[in-house]
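Hello,

My notes on what turned up follow below it.

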Amino acid sequence: MARHGSGARVLFSTCLVETLRPDLVDATLRVLRDHGLEAEPARGATCCGQPAWNIGLRDDARRVARTSLAALGGAGQVVVPSGSCATMMREFWPALFEGTREAADASSVSERVVELSSLLADQSPAGQAPRANRTVAYHDSCHMLRELQVHDQPRGVLAAAGTAVREIDGAELCCGFGGTFSVKLPEISVAMADEKLDAVVAAGCDELVGCDLSCLMHLEGRARQRGLDVRTSHLVEHLERAST
């Protein structure tokens, strides 16, 4: 398998983005360039193994993640536009590959993983004055908030783009997706999504921004079912609109 040149910054776009929203790959690369950061798509990388890991299928998770680990072995910084996938790679890959011949590579790659909004926050200029017609709610996804402790960074990136964030009640609560959780316990999952969406509506926002496509798709689907006038946007989508 071809490996990236040593030190090259790469974008690990995630399997969900590649499969369901491939337009976000180019959007993320453009946003990175707008912040003075060059990156190339990660060649040969597929899934991080998180779905299998989350339900205890350790061997299956390792088998799936091994392809991505091999593809990223020669890369430099690995940018991930998903808090949950960044968490899997940064926090759990060393444990996943412990005791295997890939253990050293997994630890090395994990140290080079950075979640997208954290990287952008380091490059964002001082915030513009928020525009009256650019006020959004923000969804803190669980892995990103609890495992990576990423809270202020995406809010700072939005502020730098001239967008005000209106905090919602229960911003730290799960949206109810949780991967297989939404399949195993659909009624609870729907109730949690409704709680989040009700908070967005109560705050007077018609756009909900987040950094995990999985959460956003879950909330978008429920908003459509309820006929709510709430747009869900990945951070890069909103940044691109804000720049025009």
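Gln50 is buried, with a relative accessible area of 10%; buried means under 20% relative accessible area, exposed over 50%, and partly exposed in between (1.4 Å probe, protein chains only). This is a predicted model, where local features need pLDDT of at least 70, side-chain atom pairs count only at pLDDT 80 or more, and totals for chains, interfaces and linings use all residues. Residues are numbered from 1 along each chain as its sequence is written, and side-chain values use heavy atoms, with hydrogens and water left out.

Gln50 sits in helix H3 (residues 50-54). Helices (H or I, at least four residues) and strands (E, at least two) are DSSP runs, numbered from the N terminus. The side chains of Gln50 and Ser84 make a polar contact of 3.5 Å. A polar contact is a pair of N or O atoms within 3.5 Å; within protein, one must be able to donate a hydrogen and the other to accept it, and residues adjacent in sequence count only if both atoms are side-chain atoms. Leaving out residues up to four places away in sequence, Gln50 touches Ser84, Cys85, Met88 and His143. Contact here means heavy atoms within 4.5 Å.

Now the pocket. The largest pocket has a volume of about 600 Å³. A pocket is an open set of points on a 1 Å grid over the protein atoms alone, where a 1.4 Å probe fits, with protein on both sides within 12 Å along at least five of seven lines; lining residues have an atom within 4 Å of a point. Grid points are joined across faces, edges and corners, and a volume is the space filled by probe spheres set on the points. The lining of the largest pocket counts 31 residues, and Gln50, Ser84, Phe177, Gly179 and Ser214 lie nearest the centre. Helices H1 (15-20), H3, H5, H8 (142-147) and H12 (213-226) each supply at least two lining residues.

Next, Thr87. It lies in helix H5 (residues 83-96) and is buried at 0% relative accessible area. Its side chain reaches the backbone oxygen of Gly83 at 2.8 Å. Beyond its neighbours within four places in sequence, Thr87 is in contact with Phe92, His143, Met144, Glu147 and Leu148.

His234 belongs to strand S8 (residues 231-234). It counts as buried, at 2% relative accessibility. Its C-alpha atom is 8.6 Å from that of Leu208, 26 residues apart along the chain.

Helix H13 (residues 235-242) has six of its eight residues buried, so it is largely enclosed by the rest of the structure. Those buried residues are Leu235, Val236, Glu237, His238, Leu239 and Ala242. They pack against several elements, among them helix H2 (23-34), helix H7 (116-123) and strand S5 (135-138).

Two backbone angles to check. Most residues other than glycine have a negative phi. Thr14 has a positive phi, near 85°. Thr14 is in the loop between strand S1 (10-11) and H1, and is buried at 4% relative accessibility. Gln149 also has a positive phi, about 55°, although it is not a glycine. Gln149 is in the loop between H8 and H9, and is exposed, with a relative accessible area of 55%.

Best wishes
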